[in-house]
Amino acid sequence: MPDGLILGIETSCDETGSAVVRAGETILSNVVASQIATHQPYGGVVPELASREHLRAIVPVVRQALADAGTGYESLDAVAVTQGPGLVGALLVGVSFAKALAYALDKPLIAVNHLEGHIHAVLLERLRDNDRNLRFPVLALVVSGGHTHLYLAQRSEHSWTYRNIGHTRDDAAGEAFDKVAKLLGLGYPGGPIIDGLAAHGNPSAVKFPAAQLKNPDRNRARHMGGEGPRFDFSYSGIKTAVLRHVESHGLAPSIEARRRALSEIPLPAPADYLRLCDPPTLDLIASFQRSIVDDLTTRTLAAAREYDTPTLFVSGGVAANRELRAACERRGSEEGIEVFFPSRALSTDNAAMIAAAAYPKFLARDVLPLDFSVEPGLRLGAGTAS
Ligand code: KG4
Ligand code: ZN
């Protein structure tokens, strides 16, 4: 039996990633080329620029992943690549490269759903730490710049199945962090900047109303239809509430001054952001983060109670958020739920999670012929949302 040495490739958004992982649990290398500097002037990811940067980075990043792992192409047992969801042009770079590589090497090619990758980032580190006694079903919250999804995950032998029981009706939580940071004249991506600043403000200073879902009936109808209740999210309202607060408190001039000052610093450090935020702005930031964290945690734990899940995985870029980690751990332990996060490095997009998610498929010989295409709107498992 080969030992499952898998080369992972991830290009779904703005990070070019490649990694070598053995048997879904031992990371031999994990290289990520970030495009933050390219997209920063635009305050968000520009799809055309992302594709161009992936094209530039893919060859050196894959070579570096093999070199760091101390291995060559011939030792690999399979190549794994993100098929979707993501930006079409960005996905195409990774998938085309992976197909050519698999064809030239005559190795199996495994297509991985990016969201499943985020879930397996948590599993990878549990297995690495020799924690093999997970209690099922696992409730998985995938919370990133593009997604806020809740899944019920089950494992039987090598195969994992997923059922979507919640998703955002509008903005993803990470998108709200990014948009609010932009609105306040801070840079991109907003999540890490807001995370760093929130500790310096009063989280109770500004009250934001809880998110109101437009069609709460949808939950009840599905319940009656036998599918079980849904736990949807909504984050566009809080973004508008921050905008209203900015307008009604006359914050525009100080935001403009901050934007100008930051644009003159090539790579702003946390101390630069802090120096450029006055106490009312820090209070607004802390209150915004508290509101998002409370909402994510409350809805997720309500789902855990409803579906009686003993284990919660929280993954995706926003899972790097310190307040979210603390809140999920505290409230999870109050309810007897074991909560696991990936390390911060595996929370944001990377290819180790793609190689790890491919391992059960490798064991199950779930390999695609080389004519599969990218799926920008790829869904994960059953349920109504991608
Ligand atoms: O998973 P990811 O790298 O890419 C997507 O699949 O979207 O997530 C990126 C998102 C961005 O919106 C970023 O602002 C957010 O994750 N993020 C954070 C933190 N670190 C990254 N949000 C809150 N707190 C953080 N520490
Ligand atoms: Zn992601």
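**View 1. Donor spacing at the zinc ion (ligand 2) in the predicted model.** Along the chain, the donors of the zinc ion (ligand 2) follow the pattern H-x3-H-x230-D. The protein donors are His 114 (NE2), His 118 (NE2) and Asp 349 (OD). They lie 2.1 to 2.2 Å from the zinc ion.

View 2. His 114 and His 118 both belong to helix α4, residues 114-128. They are four residues apart, about one turn of the helix. His 114 has a relative accessible area of 3%, under the 20% cut-off, so it counts as buried. His 118 is buried too, at 0% relative accessibility.

**View 3. Polar contacts of ligand 1.** A nitrogen atom of ligand 1 lies 2.8 Å from a polar side-chain atom of Asp 195. At Gly 191, a polar backbone atom is 3.0 Å from an oxygen atom of ligand 1. The side chain of the zinc donor His 118 also takes part: one of its N or O atoms is 3.3 Å from an oxygen atom of ligand 1. Taken alone, ligand 1 exposes 560 Å², and the protein buries 92% of that.

**View 4. The pocket and shell around ligand 1.** Ligand 1 takes up the space of the largest pocket. Elements giving two or more residues to its shell are α4, α5 (173-183) and α6 (190-198). Helix α6 supplies the largest share, four residues. In total, 20 residues surround ligand 1. The closest are Gly 145, Asp 178, Gly 191, Asp 195 and Asp 349.

Notes. Residues are numbered from 1 along each chain as its sequence is written. Chains are lettered from A and ligands numbered from 1 in the order in which they are written. This is a predicted model: local features need pLDDT of at least 70, side-chain atom pairs count only at pLDDT 80 or more; totals for chains, interfaces and linings use all residues. Side-chain values use heavy atoms; hydrogens and water are left out. Donors are N, O and S atoms within 2.8 Å of the metal (3.2 Å for Na, K and Ca); water is not among the atoms, so sites may look incomplete. Buried means under 20% relative accessible area, exposed over 50%, partly exposed in between (1.4 Å probe, protein chains only). A residue is near a molecule or strand if one of its heavy atoms lies within 4 Å of it. A polar contact is a pair of N or O atoms within 3.5 Å; within protein, one must be able to donate a hydrogen and the other to accept it, and residues adjacent in sequence count only if both atoms are side-chain atoms. Accessible areas come from the Shrake-Rupley method with a 1.4 Å probe; for residues, only the protein chains shown count as cover. On a 1 Å grid over the protein atoms alone, a cavity is a set of points where a 1.4 Å probe fits but cannot get out, and a pocket is an open set with protein on both sides within 12 Å along at least five of seven lines; lining residues have an atom within 4 Å of a point. A molecule sits in a cavity or pocket if more than half of its atoms lie within 2 Å of its grid points.
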